[in-house]
Amino acid sequence: MRLQEIKFGDNDTLSAITSSMIHADYLFLLTDVDGLYTSNPRKDPNAKQIEVVDSISAIRSEVSTTTLGSSLGTGGMETKIIAAEIATAAGVTTVILSSKRPENIFGIIQYYDRSSSKTPYDGVGLSHSRPESATPSRSSSPTPLIRPPHTVFTANSVPMRDLKSWTTHTLFPSGSVVIDTGAHHVLSRRESGGRLLAAGVIGVMGAFASGQAVRIVIRRQPEGATSAGDAETDAKAAVAYTKGLESTTPTPDVLSRSSSFAALGEVLKTPAEEEITESEVVEVGRGLANYNSAQILRVKGLNRRVGSSPDPVFHPELAQAVAERLNVPLVPVTVKKFSNGEINVKISESVRDEDVFIIQSGCSDVNDNFMELLILISACKTASARRITAVIPCFPYARMDKKDKSRAPITAKLVANMLTVAGCDHVITMDLHASQIQGFFDIPVDNLFSEPLMISYIKRSVPDWRNCIIVSPDAGGAKRVTAIADKLNVEFALIHRGRDGKSESAPERMEILVGDVKDKVAVLVDDMIDTGKTLTLAARTLTEKGAKSVHALISHGLLSETNMALIQELPIHELVVTNTIPQNQHASACSKLVTIDISPTIAESIRRTHNGESISLLFGEWAETGNIAVL
């Protein structure tokens, strides 16, 4: 067997298009089941595997598309059928097999190479042969081969060789999604498009399945109006769309994402829906639908938060960034408040036997925020979720981790107990104020670190970083700064904070206990900033001691009691924080504020948790050389 090239792709449709354009012989689509089944093999013991598919149109009516693969990384079986339709039309034999045994790829190639009169690889160039039979010929091989478990989609006997006709066949839209002004304004500013939120959808035109190509359209402007519209109105609409604060009211129910396309007909017959005609819209782009048309109708206009509060108490931008990196949609959740302040949540999709990740950071109104998280966990638990992981980038009450005075509460322990009782199975957080908080839990806790991102930022953005000194504003951060200093091969310094007298009203002062900052670039590192008093004292102390410049790098930028105008006047070059807390309002008030995106780290930790891979590999030496995104 001679192999010239095997290509892998993490996106089914993209892999199908690529394999078709290069005239590949095989396209292998890996998932967590070993082929196409008549129903979900994990839930139905009578499910039968389909070994050979000659007609994709016929198989759609026979096979339940609820036979999902892993929702993180490999997509569902419905998208694989669409990918197979694209590839086989261009003459590419498509195979679905289990990602747990990728070595079966070679066995499958050998199996069909032995069973065919022609070898797919002739040693000179690629030839377009396809499996002639699902059963190998015993006469063509002295030793009968065992067929590895898989499903093969046979290539068309007369493939589309003309690139134009094949492209038209592949990308022809099956329907249209009508979006509003705010969604169009936001998406048009992104070079590579983006994921459309339900809050920006007005309606759909036509019927289409999940994963099929669709047109993105907007309503035509009235006569006399400019095509661009009013800039101020567009900007306001874009902000409202991004924050998910449109005043639309969601419909109460939503179909499961794995609903069969055959069920669309009855759902679409809703006389109350406003009919949008082709003459009323204009196309502004195209994309792939993550939901079918019936599902989009049910969630159109759905806000990521529905309530009376003008400022959201959660972090939608971070959740959306994580979802886009994982290539999975956020599940629409409606959050309402009763007049007495009680919180009510509604999850719009089934989570039965699913691996659920709930992203909720300890920002803004921490108590309401945390209560929402507990209610969501409890709702998923009672809805028979297989595993529930709370992703809490900024852990609430982390500063109350010990009894430092008489009758002081250890609230961090209480938070851990509440999460466990609510039904949480696993916690992912970042830069805990004290690592021993992990010991408060009786469930697994993964404490992620922003240290690699900070080291990477220092190397890329701090001038003359080889002559810098890493500074901790208190003794509690000594371990953190020494670790960073060792990896950068630079010196470190410790600052002691005290008072001039014993009275609590006595003025505070700081003095450097260890290290010399004179004529050096001082990089101040801490895990949290709230009032900004520590940063103010430290920056002035470092400047008085002769530091050439001061850069502050802090993991969690709470800034809840900080006057950003005072930060602007401080003798610091920049204040760098991560987006574990939303920083949009703070950034507009202080030009020195720089935000580092931690969504890649969180997304990769979610993927590894779901797939049972090691989290520690995220923080190896290679992580410090990776790219960073500054928001």
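Predicted model: local features only at pLDDT ≥ 70, side-chain atom pairs only at ≥ 80, totals over all residues.
Reader: Which residues have the most contacts inside the largest nonpolar core?
Author: This core has 38 residues, and the elements that give two or more residues to it are α10, β15, α13 (451–461), β17 (468–472), α14 (478–488), β20 (521–529), β23 (593–596) and α18. Apart from it lies another core, of 33 residues, which includes Val351, Leu376, Phe395 and Cys424. Within the core of 38 residues, those with the most contacts are Ile458, Ile470, Leu488, Val523 and Ile602.

Reader: Leaving aside neighbours within four places in sequence, which residues are in contact with Ile470?
Author: Ile470 is listed among the residues with the most contacts inside the largest nonpolar core, and so are Ile458, Leu488 and Val523. With neighbours within four places in sequence left aside, the contacts of Ile470 are Ile458, Val481, Ile484, Ala485, Leu488, Val490, Glu491, Phe492, Ala493, Val523 and Val525.

Reader: What covers the buried residues of α10?
Author: Helix α10, which spans residues 316–326, is mostly covered, with 8 of its 11 residues buried. Those buried residues are Pro316, Leu318, Ala319, Gln320, Ala321, Val322, Ala323 and Leu326, and the helix is followed by Asn327, whose phi is positive, near 60 degrees. The cover over the buried residues of α10 includes β13 (355–359) and α18 (599–611).

Reader: Which residues of α13 are buried?
Author: Since 8 of the 11 residues of α13 are buried, this helix is largely enclosed by the rest of the structure. The buried residues of α13 are Glu451, Pro452, Leu453, Met454, Ile455, Ser456, Tyr457 and Ile458.

Reader: Which parts does the aromatic pair of Phe395 and Phe441 tie together, and how many residues apart in sequence are they?
Author: The structure holds 3 aromatic pairs, and the one formed by Phe395 and Phe441 is edge-to-face, with 5.9 Å centre to centre and 75 degrees between the planes. Because Phe395 lies in the loop between β14 (387–392) and α12 (411–422), while Phe441 lies in the loop between β15 (426–430) and β16 (445–448), the pair ties together parts that are 46 residues apart in sequence.

Reader: Are Phe395 and Phe441 buried or exposed?
Author: A residue counts as buried under 20% relative accessible area. Phe395 has a relative accessible area of 6%, and Phe441 has 7%. By that cut-off Phe395 is buried, and Phe441 is likewise buried.

Reader: Is Asp526 buried or exposed, and which residues does it touch?
Author: Asp526 is located in strand β20, and at 11% relative accessibility this aspartate counts as buried. Not counting residues up to four places away in sequence, Asp526 touches Pro473, Asp474, Arg480, Leu553, Ile554 and Ser555.

Reader: What is phi of Asp431, and where is this residue placed?
Author: Asp431 counts as buried, at 12% relative accessibility. Ser384, in the loop between α11 and β14, has a positive phi of about 70 degrees although it is not a glycine, and is partly exposed at 33% relative accessible area. For Asp431, phi is near 45 degrees, a positive value in a residue other than glycine, and its place is the loop between β15 and β16.

Methods:
Residues numbered from 1 in each chain as written. Heavy atoms only, no water. Phe/Tyr/Trp six-rings, centres within 6.5 Å; stacked < 30°, edge-to-face > 60°. Helix = DSSP H or I, 4+ residues; strand = E, 2+ residues; numbered from the N terminus. Buried < 20%, exposed > 50% of the residue type's maximum accessible area, 1.4 Å probe, protein only. Contact = heavy atoms within 4.5 Å. Core = buried A, V, L, I, M, F, W, Y, C linked by side-chain atoms within 4.5 Å.
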